[in-house]
Amino acid sequence: MSGTANVLGAGGEGRRAMLTVASGETPLAARRIFAADKLMAAPCGIGLPSLANVPPEQRFSADDREVIALAEILVKSDIAAAEDWSKSERDATKYLLLSLERRIRMHGGSAIDRRFDLDLTLSDRLVDYSDERGPEGTLYLVLDPESAAFVLLSPTLELLENVHPYLPATFYSHFAGALNRWVRVYDYHDAEERVEMLREWYEGEENADQYEIPDVEGCTPKSLKETRLNLCELKKLNEEVRDPRMKALITGLLELCRISKQATRPEFTEDMGEQLMDSNPALPCLLAAFSSGDAVVGCFDDEAQTAMEVTPQPNVIIPLRLSDGKSVRDGFRTLAVVCETLAAASRLIDLMPGNEEGVITHEGER
Amino acid sequence: MNVHVRIGDNRIFALKQAVLVYQEGNRAFATLHEVKSRPDGPSYLCAGQSVTTGFLETLAKGLGASMAAEVLPENVLARTPALIAWWSPAQARLMFFGDSDPKTRHLNGKMYPHPALVFMIHGRELFVRALRENRRPKSNTRLMNAPYWNTDAEGRVCLGSMRVPEEVSASSLRGWEEAYFASEFTHPSGAVRLTSHRGGFVGLWSSLVERKHFPVRFLADSKRTLEEFLQSAVKD
């Protein structure tokens, strides 16, 4: 009998055919309680085939001078933890991976993962499959979305409008502004640009009327055209707000804005430009729409069809110069700010009504 | 957040999927299973899905067995995802010789008549053979050794520093031919009879300076037909 049949074959002890638990998963004690076995119905022994003796990963190591140099700086700077060295089985690449995962956990990883689906890559080049790497001794931390997160705005904006007419525009402009410092948010401004472009395309055509252009203006709340308060004015207004739900929203927004400004975006250097020549705009990390099927979502879906035709620019590029320990420490500090900004945004979206959906379920949370 | 480290060739490959093949006699089917990991136990296989034609196509694409549809010019003889072969009519071409051999120094940078040629690119390797007749060869046409240095008994060209096009496609074939003749012929490659001219390689080309026609009687037999030439590359 094959190994598969051994795992998935009918159980020999019960009268009913059933799937036996994979090796190592059946509690031995349970099998020995014969008295109970006679009193109770046979347990359902369905199990998942275990890969106990299969290595969960394979490592390929070549020239690891830069890997070791970075690991050394991280250890000396107390960014990496000594205990991860044994977990990495003394592999420097794995050690860097564990150190980055630890760093993200420390700076709001679980909050980020509730809403955002992101990839953080430590690499020697900005385009993964390119032959052209960055300058010798320079590595990059690159952040990009695996898919865009979603935030529904209308219920929040309507709630805020009841408190103060300027609050919807103020809330959204600061929310998008704080996030746009680091990652791309696709919103009604992008959709308006798309509509403008479509109008130009169709203008010269004979039957221009046959094309349906998404009605972005029609779906955009008028309240967003009102005056926007600056952060000082918003803080003052928050002191007067009595509704705890509203207060939590504004406090969450102020917190997001405070965190987002704690670092500045690293300079986009010439060598980055050379590596990213002919690239598309960055992929959005967040889609901000007024309702789940509105014109903004329509424009986003439309643009998504061609977003990957040319390599997109990364959302965040943090260069790490290995000859300069300060550059590495600054880079990791910037990463911490990016992570905490995303975590604050995720927490704020949790508070925004209508966003009960959109939470990403991870293994073990179901 | 998914974290990746990609520095140089260092990579950590995580087990993500498994294909299980079920067989009964000469019939078989396969299922594709996600691999899930647990922090406190071994990884396990999730329920499988039947392997679809789409999955096999994705695998084949990953192995390079896909190519864009393109209109083939008339001189193309064969095309697979890994190979392209074409022929080029007899014509006068400029030739360059390395200056390390004093016997070829006087031959450098002059026009010579050349026989019709068959080129083949397999992977990134270039092969060349000659034709006795100046017309499109058939599958059973006997091929001749190309009368050139830097070309071994199999017709494989030692590319050295030759600046060949990045791309292998029908539109880049002229670029490959030009690159071949724009680089220097520097040395013989292994035990191969390049010509039946009694003066050998140097004697042949010395006699052809500024001549109009290549005398095909001086070509040496490769002992292979066009079909055998193409098949030999596939087998390699």
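These legends accompany close-up views of a predicted two-chain model.

Residues are numbered from 1 along each chain as its sequence is written, and chains are lettered from A, with ligands numbered from 1, in the order in which they are written. In this predicted model local features need pLDDT of at least 70, side-chain atom pairs count only at pLDDT 80 or more, totals for chains, interfaces and linings use all residues, and side-chain values use heavy atoms, with hydrogens and water left out.

**View 1**
The model scores ipTM 0.79 and pTM 0.65. pLDDT is the predictor's confidence in each residue, from 0 to 100. Its average is 84 in chain A, where 86% of the residues score at least 70. Chain B averages 88, and 97% of its residues score at least 70. Within chain B, helix 1 (residues 53-62) has the lowest confidence, with a mean of 76, and strand 12 has the highest, at 96. Helices (H or I, at least four residues) and strands (E, at least two) are DSSP runs, numbered from the N terminus.

**View 1. Residues 1-32 of chain A.**
Over this stretch of chain A, pLDDT stays under 50. The model still has 38 contacts for residues 1-32 beyond four places in sequence. A contact means heavy atoms within 4.5 Å. Where pLDDT is low, the predicted coordinates should not be read in detail.

**View 2. Chain A as a whole.**
Chain A holds 16 helices and seven strands. Of its 366 residues, 44% are buried. Buried means under 20% relative accessible area, exposed over 50%, and partly exposed in between (1.4 Å probe, protein chains only). The accessible surface of chain A is about 20,300 Å², with 51% belonging to carbon and sulfur atoms. Accessible areas come from the Shrake-Rupley method with a 1.4 Å probe; for residues, only the protein chains shown count as cover. Take the contacts in chain A between residues at least 6 apart in sequence: 76% of them join residues at least 24 apart.

**View 3. A:Leu231 and its contacts.**
A:Leu231 belongs to helix 12 (residues 231-240) of chain A. It counts as buried because its relative accessibility is 19%. Beyond its neighbours within four places in sequence, A:Leu231 contacts A:His174, A:Leu254, A:Cys257 and A:Lys261. A:Cys257 is 26 residues away along the chain, with 8.5 Å between the two C-alpha atoms.

**View 4. Cysteines of chain A.**
A disulfide is a pair of cysteine sulfur atoms within 2.5 Å. By this rule there are zero disulfides over all chains. A:Cys219 is in none; its nearest cysteine sulfur belongs to A:Cys299, 8.3 Å away. A:Cys285 is buried, at 1% relative accessible area.

Most residues other than glycine have a negative phi. A:Arg90 has a positive phi, near 60°. It sits in the loop between helix 5 (83-87) and helix 6 (92-106) of chain A. At 65% relative accessibility, A:Arg90 is exposed. The phi of B:Asn150 is also positive, near 60°. Its loop runs between strand 12 (142-145) and helix 3 (173-182) of chain B. B:Asn150 is buried, at 7% relative accessibility.

**View 5. The open sheet 3-4-5 of chain B.**
Three strands of chain B make up this open, antiparallel sheet, in the order 3-4-5. Strand 3 (17-24) and strand 5 (41-50) are the edges, each pairing on one side only. Neighbouring strands are turned by 35° against each other on average, direction ignored. Axes are lines fitted to C-alpha atoms, for helices over the stretch in contact, and angles run from 0 to 180 degrees between N-to-C directions. Strands pair if DSSP finds at least two bridges between them. Eight bridges link strand 3 to strand 4 (residues 27-38) of chain B. B:Leu20 faces B:Thr31 in strand 4.

**View 6. Strand 10 of chain B and its partners.**
Six of the six residues in strand 10 (residues 117-122) of chain B are buried. One side carries B:Leu117, B:Phe119 and B:Ile121; the other carries B:Val118, B:Met120 and B:His122. Strand 7 (residues 83-88) of chain B joins strand 10 antiparallel through six bridges, and B:Ser88 stands opposite B:Leu117. Six bridges also join strand 10 to strand 11 of chain B, again antiparallel. B:His122 has B:Glu125 as its bridge partner. Strands 10 and 11 of chain B form a hairpin with two residues between them. In the turn, B:Gly123 has a positive phi of about 65°.

**View 7. Strand 12 of chain B between two partners.**
Strand 12 pairs antiparallel with strand 11 (residues 125-130) of chain B over two bridges. There, B:Ala130 is partnered by B:Met144. Strand 12 also pairs antiparallel with strand 14 (residues 221-225) of chain B, over three bridges. B:Arg142 stands opposite B:Thr225 in strand 14.
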